[in-house]
2 protein chains.
Amino acid sequence: MIDLKKVIAEYSPDTAEIESVRKLSDDLIIKISDYCRINNINADPLLVGSSSRGTSLRGADVDIFIRFKRGYGIREMEKLGLEIGHSILKKGVEKYAEHPYVSSNEFGRKVDVVPCFMIDNANERLTAVDRTPLHSEYLKTHLTVQQRDEVKLLKLFMRKQGIYGSELKTNGFSGYVTELLIVNYGSFLSAITHFSTLKGKLIVGDYEATKKFTSPVIIIDPTDPQRNAGAAVSLTALSILKLCGKIFLREPSESYFGMEPDKKPSPNVDRGTVFYIIRIRRPEIVDDIIFPQVQKMISAIVRASKEYGFNIISSEYSVEDEIEVLLELETDILPSVKLHSGPPVESDNIIPFLEKHNGKDVLRGPYVMDGRIYVELKNSMNVYDDALHKILENADLGKHINNMKEEFKIQRYEGKLPDLKVSTNFLSKRNPN
Amino acid sequence: MIDLKKVIAEYSPDTAEIESVRKLSDDLIIKISDYCRINNINADPLLVGSSSRGTSLRGADVDIFIRFKRGYGIREMEKLGLEIGHSILKKGVEKYAEHPYVSSNEFGRKVDVVPCFMIDNANERLTAVDRTPLHSEYLKTHLTVQQRDEVKLLKLFMRKQGIYGSELKTNGFSGYVTELLIVNYGSFLSAITHFSTLKGKLIVGDYEATKKFTSPVIIIDPTDPQRNAGAAVSLTALSILKLCGKIFLREPSESYFGMEPDKKPSPNVDRGTVFYIIRIRRPEIVDDIIFPQVQKMISAIVRASKEYGFNIISSEYSVEDEIEVLLELETDILPSVKLHSGPPVESDNIIPFLEKHNGKDVLRGPYVMDGRIYVELKNSMNVYDDALHKILENADLGKHINNMKEEFKIQRYEGKLPDLKVSTNFLSKRNPN
């Protein structure tokens, strides 16, 4: 029998950690209050996030929001917010979400100090983060003490499967969504039971509120019925949840829980394919900007490669100290002939087409098949190394990466993969984890 | 300026040939009449086909039909038809269309003696060929003397483009269809003008009669409104006619006319591809059976190759003394890994799938993408030579070719093509010819 209590105990903060987090947050809140009073700033600090409601796991962040009274301009609120943040976080660095905030690791865990506007109702909000204190308030009154542990179990289950986190790196379930799911289904096991038999979308909320959304996961934010709190969850993340729910229930085991997926790479054997790995120095930008940019870059490369006739059969990436992009191809040398499709025979463009294609570059044809004319031309871009360089040269890879094109390192591998982080990611792809 | 009269003169039978064909056909008709009278057979011979109505080109066949009075059984008619055929064609051989007939080359041109039933109206017909004498009758009264030459021009234009002949080898325009087109459009030039601007299907006939047909060419048989005389014409043949019409009219030239397409092969250069050529002894069967069988064989190979992951980028064949089938591939070695698509994650089959794929043949995965699970397996059939042998072993290639599988000669070529008829066909593919 699986011992879920043991799982909870293993990953929950112990009494000492709880006490230390409380002391830290109380201390920061007092300092912020003092700063505001002394400097005549009309704002209140508030502990939000999982630490504020007992749903956090070991080592969790501390999120403190400074709620400004309405009347401040957004720029002014931002400026004062940073000022306060730096005054209490001596080693704080500025980060950017919708607006800037100060973040620090100086207390042995991540502490974020985020300014926002104080609102009573979501439709009064001026910035996206204004809603966060409302979330805290809602959950404090809707989650029972027992359900806080159920939230932790669901988080640990999702974390182990790599689908926890709404950031663009993961496209998974946010902490808030996890908590709303427990509010809705009551417990970890009843939630998992629901997922394991669910067909189609995951929908929580009134029909009237949910019907206007189209994403795979639709969870109406109880503090703002106009918002889908599950908008960030990808179809793949939902599918992994369904699959792992089903498998877990057949044979429940502690191995489905953890802080993050294990890397269990498949053996690094010769797959009879060709790999191209692009390595790029990581620019100084936050995950939520760099990850979508790398994903966009890969889509652009895959699309452009297809236009040259090269089929990327799989791709992978790693963004840590450097950006590593892996492309796997069946073959990186194409025939030196390519079929070029001309206009329909009925088209007036057929004459210019025939006049254009009567030279030395024609290897065969032109000829008619069904309703269209074709010609076989010499393919001068039939080596992938050439095509990839041309693709990277011309592609829009997002403004940060565009500036670094000259530094790209491109390497071709046949047979086994090199010892790189992206290789480990590639070989570790496995669900359930 | 193009001299169409010169074209007509070049390919029409001269006076001596016309005289000799008349003598030959008169002689055969008298012999058949005599035979029938002496043997109490109630049947009449009749010259049909292009020779009977002055639309034939040099060296054309002579077609004589023996019209049996109704009352004979089909088997009896067939038996007597062969008896008569052999009695007048000393070196005649039996051939099979819908029923058997006797054919001979003993008079310096092909002579066919075909039995049929005498009918006044197409809906009385008992066999497909019973209509043929009605066609002759119709055309004799509907084609003017001048139009007979127009028919010849249209035939010569189609012959040069390889789209003349309704047999399954060509899927083109029959002699009868060509004549009906001239009846309808009046002349070669007005017919070509129509084709050159035609969009979509070629339709000749009343809307009510044509609407039930769906093929690219719909030409209602005036002797049988239930029949589409153009049913055999492929979309490719119609498209070639439209294209060549358009190009011919821009710059008319004698080079668009001839008895058959010129072979103007493209240079035999290295295309960076791989060829497999299958050579088979030609079994003793008529074109109308062997051609569709070879075409069917190629479709079956292309389809099965795709299932193994091999992409046949082009194919060609030649059926003369031997059958030669050419297959061109981008590559004949695939990766040793293949992506195997499993069931949707919601399916009950997901558990058996995961249980099945947890062994040594799994190179990576299983993993979820969107709504489905995938696994990467070892591909043991990744060399085309192995796959092709397996495909040919298992495929149904039609009863005649199935019996000869052990004799197949399969050869792989890289770079230039070998000196074979199929290579010439492959390299000569070109429209307009």
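Predicted model: local features only at pLDDT ≥ 70, side-chain atom pairs only at ≥ 80, totals over all residues.
Modeller: Residues are numbered from 1 along each chain as its sequence is written, while chains are lettered from A and ligands numbered from 1 in the order in which they are written.

Colleague: Why is Pro432(B) called buried?

Modeller: A residue is buried if 20 or more other C-beta atoms, placed from the backbone, lie within 10 Å of its own. Pro432(B) has 20 such neighbours inside 10 Å and therefore counts as buried.

Colleague: What is Pro432(B) in contact with, leaving aside its neighbours within four places in sequence?

Modeller: Two residues are in contact if their C-beta atoms, placed from the backbone, lie within 7 Å. On that basis, the partners of Pro432(B) are Gln161(B), Leu243(B), Cys244(B) and Ile247(B).

Colleague: How many residues of chain B are in contact with chain A?

Modeller: There are 39 residues of chain B in contact with 39 residues of chain A. H9(B) gives the largest share of this side of chain B, eight residues.

Colleague: What makes the relation of chain B to chain A that of a two-fold axis?

Modeller: Copies are superposed by least squares on the C-alpha atoms of residues with pLDDT of at least 70 in both. A rotation of 180° with 0.0 Å of shift along its axis places chain B on chain A, with an RMSD of 0.1 Å; this is therefore the relation of a two-fold axis. The same surface serves both copies, as 100% of the contact residues of chain B recur in chain A.

How values were computed:
Helix = DSSP H or I, 4+ residues; strand = E, 2+ residues; numbered from the N terminus. Buried ≥ 20, exposed ≤ 12 C-beta atoms within 10 Å, placed from the backbone.
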